[in-house]
Amino acid sequence: MRGAVAWILGIALAANGFVMLGAPAAWYAAVPGVAATGPFNAHFIRDVGVAYVLCGAALAWFAISPAARPAAVIGAAFLALHAAVHLWDAAAGREHVHQLLIDLPPVFLPPVLAIWIVWRPLGRGPIANKGAEHDQVASAAAARRV
């Protein structure tokens, strides 16, 4: 399930980023609430578009290979911090609180999904398993010496 969500979210984020890179004015006009955040700035939209392409690529890569977890974690962190900026701006009065409702699907849902995708509880995974294997090997070696 997480793999499928990683693919879908990764492709959606990367597609959004490519639109931001290729058609920043169209993206600015099409996304609800964006025009209310400030004047059009093609360079800034392209900068953020690069981040979205990389987040999307990291999540799609993670869907293919668990070795991409560090990249996917960084992508999830960007998405979470981006959402935190939106919350902070609303809390500081720089954005209308009702904008948070508009931001719910495009700004707040992706980091929740990305964190869920990359989440690995403590004590699980290769590092924890390696330690357990080492303990078993050490115990077996000690038992042979006795």
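Colleague: What makes a set of residues a nonpolar core, and which residues of the largest one touch the most other members?

Modeller: A nonpolar core is a set of buried Ala, Val, Leu, Ile, Met, Phe, Trp, Tyr and Cys residues joined through side-chain atoms within 4.5 Å. Buried means under 20% relative accessible area, exposed over 50%, and partly exposed in between, with a 1.4 Å probe and protein chains only. The largest core holds 21 residues, of which Leu13, Leu59, Ile117 and Val118 touch the most other members. Two or more residues come from each of α1, α2 (24–30), α3, α4 and α5, and α3 gives the largest share, six residues. The model is a predicted one: local features need pLDDT of at least 70, side-chain atom pairs count only at pLDDT 80 or more, and totals for chains, interfaces and linings use all residues. Residues are numbered from 1 along each chain as its sequence is written, and side-chain values use heavy atoms, with hydrogens and water left out.

Colleague: With which residues is Val118 in contact?

Modeller: Contact means heavy atoms within 4.5 Å. Leaving aside neighbours within four places in sequence, Val118 is in contact with Leu59, Phe62, Arg69, Ala72, Val73 and Ala76.

Colleague: How do you know that the span of helix α5 agrees with its number of residues?

Modeller: Helices are DSSP runs of H or I with at least four residues, strands are runs of E with at least two, and both are numbered from the N terminus. The expected span is 1.5 Å times one less than the number of residues. For the 21 residues of α5 (residues 98–118) this gives 30 Å, and the end C-alpha atoms are 30 Å apart, so the two agree.

Colleague: Why is the pair of Tyr28 and Phe40 called edge-to-face?

Modeller: Rings of Phe, Tyr and Trp (its six-membered ring) pair if their centres lie within 6.5 Å; planes under 30 degrees apart count as stacked, over 60 as edge-to-face and the rest as tilted. By this rule there are two aromatic pairs. The centres of Tyr28 and Phe40 are 5.3 Å apart and the planes stand at 70 degrees, so this pair is edge-to-face. Tyr52 and Phe78 are also edge-to-face, with 5.7 Å centre to centre and 90 degrees between the planes.
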